[in-house]
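Please have the sequence and the 3D view ready.

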Amino acid sequence: MPRPIEAVIHPDALSHNLGRARALSGDARIWAVVKANAYGHGIENCFEAQRLVADGFACLDLAEAERLRGLGWRGPILLLEGVFEPRDLELCSRLHLWHVIHHEAQIEWLAAHKVLWPQRVFLKLNSGMNRLGFRPLAFRAAWQRLAALPQVEDVSLMTHFSDADALRFGRDGVAHQLAVFEAACADLPGERSLANSAATLRHAGRPLGGGLNVGADWVRAGVMGYGGVPDYPEHDATHWDLRPAMSLRSQVLAVQELHPGDSVGYGSAFVAEAPMRVGIVACGYADGYPRHAPTGTPVLVAGQRSRTLGRVSMDLLTVDLTGLPQAGVGTEVTLWGCSAVTGAVLGIDEVAHAADTIGYELMCALAARVPVRVDGR
Ligand SMILES: *Cc1c(COP(=O)(O)O)cnc(C)c1O
């Protein structure tokens, strides 16, 4: 028998969550963002469910784009950071990829490239995030250069929000960037894409000008598609009607009866104050569980809420079995997602929050050694 840990991918949740993006975004089309191997879920595991709703797929890597074409996707694929060197443009031609243009060199490469057919590009405005994109003063010149190139079929306009999940300096998180975008793009033709998950959930109805709202023409739905909540703990998955697309499940491997004063695990980081039963679970940081999760991090034991105790080690962690007399060796432990026993849900963001990180990081860090199974397959 293999080690009793697995990640289960839930196709119904993937479709449902992307459907939420669609419902919030009016007439906008939906990119399913599948970078980082579909946020750790596996592009191949998610594809059939996502294609039911998505109008396109957005990724970072040419290899990811090739996998999507290999799965039979003939619709739009967007490279979110564009090409990394000139010869990437050949693959863009061959695979019909749309790509982001965020710096001058990418324009020069395109101008020097022999295209099979003119390409569609998304010109990125740096509206205040200050990572990628042209500053407003350079944006128009970049647009004019691109629009004049025979290699270019169509120039779309995009930007990315830094604070769509919260306030910025105590004020509205997107207003300042929306104003910059509207001013820089006002009279430029082309489709527009601004919203990530947080903007879609929190701001999708906000007017953008030209009859559009923040959802604009294309929404880039990342973490929400996987049931992650970008503004946890202000809101949780129930609030946004999102469902976990991944459940990380393991089992109790051993039970220990602790006496008062007994400790558990490395560093004796947890000491029992009273007699108690604890379960040793086949999951550790080498599976992608956060090592920094402190005592008290929530888990589900046979679908009942409990907590971790002491330090997470490479292959094992400890859970409290107090009040769970039926739990023993072989009992299911859900680290995040939903219990197969009761259907109870433990949000990945709740676990991440306890470990001082975000759900995004936990999904993406699922370790290669954990077998992944698609529910119903
Ligand atoms: C990753 C990414 C997204 C998706 O972000 P989420 O917060 O996961 O929705 C959208 N746009 C760009 C440019 C990205 O890199």
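The names come from DSSP runs numbered from the N terminus: helices are H or I runs of at least four residues, and strands are E runs of at least two.

Before going on, a word on the source: this is a predicted model, in which local features need pLDDT of at least 70 and side-chain atom pairs count only at pLDDT 80 or more, while totals for chains, interfaces and linings use all residues. Residues are numbered from 1 along each chain as its sequence is written, and side-chain values use heavy atoms, with hydrogens and water left out.

Which residues of α5 are buried? They are Asp88, Leu89, Leu91, Cys92, Ser93 and Leu95. Because six of the eight residues of α5 (residues 88-95) are buried, this helix is largely enclosed by the rest of the structure.

With a relative accessible area of 44%, His96 is partly exposed.

Now let's see how some helices pack. Axes are lines fitted to C-alpha atoms, for helices over the stretch in contact, and the angles run from 0 to 180 degrees between N-to-C directions.

| Helix pair | Axis distance | Angle | Handedness |
|---|---|---|---|
| α1 and α3 | within 8 Å | roughly 50 degrees | right-handed |
| α7 and α8 | within 10 Å | roughly 35 degrees | right-handed |
| α4 and α5 | 11 Å | about 15 degrees | left-handed |

A crossing is left-handed if the near helix is turned anticlockwise from the far one by less than a right angle, and right-handed if clockwise. Angles under 35 degrees count as roughly parallel, over 145 as roughly antiparallel, 65 to 115 as roughly perpendicular, and the rest as oblique.

Start with α4 and α5, whose axes are 11 Å apart at an angle of about 15 degrees. That makes α4 roughly parallel to α5. Leu62, Glu66 and Arg69 of α4 meet Asp88, Leu91 and Leu95 of α5, where contact means heavy atoms within 4.5 Å. By class, this contact of α4 with α5 has three nonpolar, no polar and three charged residues. (Ala, Val, Leu, Ile, Met, Phe, Trp, Tyr, Cys and Pro count as nonpolar, Asp, Glu, Lys and Arg as charged, and the others, Gly among them, as polar.)

In the pair of α7 (residues 136-148) and α8 (residues 175-185), Pro136, Phe139 and Arg140 of α7 touch Val180, Ala183, Ala184 and Cys185 of α8. Six of these contact residues are nonpolar, none is polar and one is charged.

The axes of α1 (residues 11-24) and α3 (residues 43-51) cross at roughly 50 degrees, and the two helices are therefore oblique to each other. Their contact is made by Pro11, Leu14, Ser15 and Leu18 from α1, together with Cys46, Ala49 and Gln50 from α3. Those residues divide into five nonpolar, two polar and no charged.

## More about helix α1

In α1, the buried residues are Ala13, Leu14, Ser15, His16, Asn17, Leu18, Arg20 and Ala21. They pack against β1 (6-9), β2 (29-33), α3, α9 (197-203), β11 (218-221) and α10 (237-240). Just past α1, Gly26 takes a positive phi of about 60 degrees.

## A buried strand residue and a cis bond

Val121 belongs to strand β6 (residues 119-124). Is Val121 buried or exposed? Val121 counts as buried because its relative accessibility is 0%. Leaving aside neighbours within four places in sequence, Val121 is in contact with His99, Ile101, Leu110, Leu146, Val152, Asp154, Val155 and Ser156. The C-alpha atoms of Val121 and Ile101 are 6.6 Å apart, although these residues are 20 residues apart along the chain.

Finally, look at Tyr232 and Pro233: a cis peptide bond joins them, with omega about 5 degrees. Pro233 is found in the loop between β11 and α10.

Terms used: Buried < 20%, exposed > 50% of the residue type's maximum accessible area, 1.4 Å probe, protein only.
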